[in-house]
Amino acid sequence: MNRTTVAPALEAGAATSDDALWQGAAAVLDANWERDHTVPSRTLYPHHWNWDAGFIAVGLAHHDPARAWADLRSLFSAQWIDGRVPHIVFDPDVSERDYFPGPAFWDSAAMPGRLAGLTTGIVQPPVHALAVVQMWRRAPDEVELRWLYERLAHQQRYLLERRNVGGVGLASIVHPWESGLDNSPSWDAVLGAIPVDLDMMRKYRRQDNRVANSDHRPTDADYARYIAIAANYRDGGYLDAGLIDRHPFLVECPGFNAILGAAEHSLADLAEVVGADPAPHRERAARVTRTLVDELFDPATGMFHSRDVRTGGLSPARCVNGLVPLILPDLPTEVVDSLVAAASSERFGIGPLPVPSYDRTAGDFDRLRYWRGPIWINVNWLLWQGLRAHGREREAAVLRDAMLTLVRRGGYHEYFDPVTGDGIGSAAFSWTAALTMDLLTGS
Ligand code: 2M8
C-alpha cells in the first residue's frame with residue numbers, strides 16, 4: 001500500500017483538541033450506559049458483551065469509576081456455576097427481534113449450569129482482570145475488588161481446565177465468536193471443513209445486515225456455519241467433556257490464550273491486594289507463555305498462529321491475534337523482537353495507521369469486511385500495552401499517535417478502513433471511546 005496516500009486524509013481531523021476528544025468519548029460512554037452496564041453500540045449491539053465490558057471499564061475507570069465497577073459486577077453476576085462468563089448477557093427489555101441470535105436461540109434458561117440472567121453459553125477473551133488492575137490503581141474499591149477477584153479466578157480455572165481440550169495447557173475456543181475476531185481468516189481452514197446449510201438460514205433472520213452494511217459483515221455462508229456450530233454446542237448442554245469427539249470447531253487462538261496468560265499476571269497483582277497467594281497465578285502465567293511459544297509460535301513467519309485442535313495443523317494466515325502475545329511480560333526477548341518486526345513490516349506496519357486485523361499483503365486482504373482487514377482499536381490497544389511492557393517505547397509512541405489520529409479524524413467508530421483511515425461500522429462505539437480516554441492519559 002502507498003502510505004503517502006493515507007497521511008493527507010488523516011490530517012483533516014488533526015485540529016480536534018485533546019479536550020474535545022475526551023469530551024466526545026465521555027458523551028459516547030454516557031449515551032451507551034444502560035441501567036447497570038454499557039452497550040457496545042445502540043444500533044448493532046443492544047446487550048451486554050463480555051470482552052467489550054473489560055475494555056469499556058478501562059475507559060470508565062478514568063471517566064466514572066463507580067460505573068466501571070458496576071459494569072463488571074453486572075457482567076460477572078451472570079457467571080455460570082462452572083466459571084464461564086457468557087459472551088453476551090441479554091437485556092430482557094430488548095426485543096428478540098433486535099439481535100440475532102438472541103436468548104431464544106441460546107436457550108440458556110433451560111441449562112442447569114446457568115445461575116442468573118439470560119445469556120449465551122459461549123465465552124470471550126478474559127480481558128477483565130487487566131481492566132481491574134487499572135480500576136484498582138485509579139479508583140480502589142475493596143469490596144468490589146474482593147467480590148470480583150474470586151469470580152475472575154473462577155473464570156481462569158474454567159478456561160484453563162475445562163477448555164484444555166487439546167491437553168497441552170491452552171484453552172480451546174469452541175466458536176469463532178469466542179475469539180472476539182469473528183470472521184478472521186484464522187478460522188478459514190477449520191470452517192472450510194464444516195458443511196454450509198444455507199437452508200437453515202431461511203429459518204432465521206439476520207439482524208446485523210439490516211442495521212449494518214452487508215459488505216462489511218460476515219457472509220451468509222459464514223453465518224450459517226456460526227449458527228450450526230453454536231447449535232451443536234447448545235444441543236450438548238454447553239458441556240465441555242468429550243468435545244473432541246463431537247464438536248467441529250476447536251481452536252487454540254494465540255490472542256485468546258495470551259489474554260488468558262496476561263490475566264494470570266493481573267490476578268497475581270490483585271491477589272497481593274486481597275491477601276491471597278499470588279504464586280499460583282504467576283506459575284500459571286509462566287506455563288501459558290511457555291506453552292504458547294512451544295505450540296503456536298512459528299519461527300518461519302515470526303509470529304503466532306491459531307491451531308486446529310482436531311487436526312493439529314497451524315493456520316497459515318497471519319492475523320492480528322498472532323501479534324497479541326506481545327502483552328505477555330515474560331515472553332522471551334527473541335520472540336518479542338520477532339513480533340515487533342512483524343508488526344512493523346509491510347504486512348501490518350505500525351504508523352501512520354495502526355495495525356490492521358489481517359496481513360495487508362495477503363491476496364484476500366479485505367478493507368471492509370469486519371475482522372478480515374479493518375483496523376480495530378481494542379487489539380491495537382493491547383499491542384500498545386505489550387510494546388510498553390517490553391520497553392519498546394518508540395514503537396509504542398508511534399502506535400498511540402496513530403490510534404489517536406485515527407479517532408480524531410474518523411470519530412469513535414467500531415473499526416476503520418486500513419487504507420484511507422475512514423471510520424466504518426457503528427459510529428458511536430463504546431470500546432473505541434473508552435480506550436481513546438486511556439490513550440489520552442498515556443498511562
Ligand atoms: C462482534 O461480534 C458479535 C458477536 O459476538 C457480532 O458480530 O454480532 C465482534 O466484533 C466482537 O469482538 C464484539 O465483542 C461484538 C460486540 O462489540 O461484536
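Me: What makes the span of helix H7 (residues 142-162) close to the expected one?
Reply: Helix H7 has 21 residues and reaches 30 Å from its first C-alpha to its last, close to the 30 Å expected at 1.5 Å a residue. The expected span is 1.5 Å times one less than the number of residues. Helices here are DSSP runs (H or I, at least four residues), numbered from the N terminus. This is a predicted model, in which local features need pLDDT of at least 70, side-chain atom pairs count only at pLDDT 80 or more, and totals for chains, interfaces and linings use all residues. Residues are numbered from 1 along each chain as its sequence is written, and side-chain values use heavy atoms, with hydrogens and water left out.

Me: Why is aspartate 240 called buried?
Reply: Buried means under 20% relative accessible area (1.4 Å probe, protein chains only). Aspartate 240 has 10%, so aspartate 240 is buried. Its place is the loop between helix H12 (220-235) and helix H13 (243-246).

Me: What makes the pair of aspartate 240 and tyrosine 233 a polar contact?
Reply: A polar contact is a pair of N or O atoms within 3.5 Å; within protein, one must be able to donate a hydrogen and the other to accept it, and residues adjacent in sequence count only if both atoms are side-chain atoms. The side chains of aspartate 240 and tyrosine 233 are joined by such a contact of 2.5 Å.

Me: Which residues of H7 are buried?
Reply: Among them are Trp147, Leu148, Tyr158 and Leu159.

Me: How close does an oxygen atom of the ligand come to the side chain of aspartate 52?
Reply: The oxygen atom is 2.6 Å from an N or O atom in that side chain.

How values were computed
Helices (H or I, at least four residues) and strands (E, at least two) are DSSP runs, numbered from the N terminus. Buried means under 20% relative accessible area, exposed over 50%, partly exposed in between (1.4 Å probe, protein chains only).
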